[in-house]
Amino acid sequence: MKKINLIIILFAFISLSASAELSINITKGIDNPTKIAIAPLSFYGNQLPEDTSRIIEDNLKRSGLFDPISRKNMLSFPGTIKDIYFRDWKILGAEYLVIGSLILSGDFYEITYSLLEVHSSRLVFTKIAKGSKGQLRDLSHHISDEVYEAITGIEGAFSTKVAYVTSLKSNNKTLYKLMVSDVDGARERLILESNHPIMSPSWSPDAKELVYVSFETGRPAVFRQNLANANRKQLTNFRGLNGAPSWSPDGKKLALVLSKDGNPEIYTFDLRKEKFIRHTNHFAIDTEPNWAPDSKSLVFTSDRGGSPQIYRLTLKNGEVQRLTFRGSYNARPRLASNGRTLVMIHRSAHQFHIATQDLVNGDLRILSNTSLDESPTVSPNSAMLLYATKINNRGVLAAVSLDAGVKFLLPSKQGDVREPAWSPK
Amino acid sequence: MKKIYKYSLATIVLSLSLVGCSITKNNSVATMTDDRITTGSIKNNSIQGSTLKTDIKVPRVFYFEFDKVMLSSEARSALRLHAQSLRSNPAKIRLLGHADERGSREYNMALGENRGNVVRDFLIQEGVSSSLIEVISYGEEKAASSGSNEDSWAMNRRVELK
């Protein structure tokens, strides 16, 4: 029985407030999701500020791979292994059971939790997670990650965050906001508010900073902002486009697009030396660079062949290779962390969908079925992606699993939501 | 942005000759002596809008086809008039390029800039100094019409002269 002590680092931007502006509607799940029971956490004392078990249940449900058993059908609420009557859970059809108990020791919550296989009455693991009083949600996401990984073999991504841009029109004025929330939409935090457009957020690999484009100077410019202390710095101030920043996985550089020399070209910016290097030299549009996981090459959009298509640029020799050939519009590439799955906008029958292309066997797969889909972003475990679309003339975020088996919408209660960026682990 | 409407010297001279043979005051464009007209040169900023206001509304927004950057003939005629005015009275202008919402946002930024550049190049070709012109693309970020249909998209694929 392995015990893991976990102290989650508290970022200043994490607070107790759990008022989620985004809510989740699942529109499609897989055919045979795993039945799992998450028994309510047992504890002594006052009611907890968060329903930990419910958060875990919602996380697993949203992955599409699990069908959590309703709490009201449970026959018992065991807090420890010796309190479990497996028969109670077999009757409900549960394949797995998660139980846990919480104690407050000093200023820390300590949750001891176990995952059990019901049919064989087998203990899969017992683990301990510790966190400060404001971190019940973080603890819940962590437990979700552990359970998800033990059952599916895939690393969980419930502890990650998502950045996105919202816009709200009132009295002929538009208010733009850059927001960050948990990936379930909870704990939404304002990062930047402006009367001028905000675009293209991209995370630092340590998930502590964002780069984005803001028009606050009257022109588009790239800014870097620390999420904990809100320190920000303008990185570019060139004529023309200053856009599409993408932080390298090794943390050292940004890839971005500048048109200061006449038309849009791909550059990298060394964050330590503060030096720009130009990598493309073509009269066509070159834009939307995104890094390969090894930080050695970039994928980008170019219309050098007559229509927007995806290309790969190898940085050490400047070699450019075309990757997409099907369809007359493939744009906004993102490479999944597996380095093999290319995610992009693909036009088919005059509609713009999210598609994946397997870079090894070339398979193209359309994942979305709405018509104005854009800005795909892949979860760090390459299991899901988020994208922006329009439903009833409103900008909303949607999620789909990379195998297209699971789909859900994250509608905003107010205004338009767009440009999701899924944080690294 | 200063709004000074003055489109052609010919128009100016014509209107002055219609007024009669009195002599123009400040900002003289043409001096008249004894019914004879002698054209003078137009100095920078010598013409004030009030004396030369015209009813002609020359379009300041130019529209484009989807994923295209070609100028329409209407846009070209309007831009010729703007060029004439800018040549005779240089003023800094901004060309704000826009795209419709379809496709990717950053690609649309590039498309908006290309449209702005096409308008800029036309004005330069018509004799306007390139130093007066700045192109700023807003991509699809500032739609003129918010609908998701052909009519709205057509309204949004534009360059605004400011």
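Student: What volume does the largest cavity have?

Tutor: The largest cavity has a volume of about 180 Å³, a cavity being a set of points on a 1 Å grid over the protein atoms alone where a 1.4 Å probe fits but cannot get out, and a volume being the space filled by probe spheres set on the points, which are joined across faces, edges and corners. This is a predicted model, in which local features need pLDDT of at least 70 and side-chain atom pairs count only at pLDDT 80 or more, while totals for chains, interfaces and linings use all residues. Residues are numbered from 1 along each chain as its sequence is written, and chains are lettered from A in the order in which they are written.

Student: Which residues lie nearest its centre?

Tutor: The lining has 16 residues (each with an atom within 4 Å of a point), and Ser63(A), Phe158(A), Val183(A), Met384(A) and Trp422(A) lie nearest the centre of the largest cavity.

Student: Switching to the interface, how many residues does each chain bring to the contact?

Tutor: Chain B brings 27 residues and chain A brings 38 residues, where contact means heavy atoms within 4.5 Å.

Student: And which salt bridge does Arg418(A) form?

Tutor: Arg418(A) pairs with Glu141(B), their closest N and O atoms being 3.7 Å apart; a salt bridge is a side-chain nitrogen of Lys or Arg within 4 Å of a carboxyl oxygen of Asp or Glu. Between chain B and chain A the count is 4 salt bridges.

Note on methods: Side-chain values use heavy atoms; hydrogens and water are left out. On a 1 Å grid over the protein atoms alone, a cavity is a set of points where a 1.4 Å probe fits but cannot get out, and a pocket is an open set with protein on both sides within 12 Å along at least five of seven lines; lining residues have an atom within 4 Å of a point.
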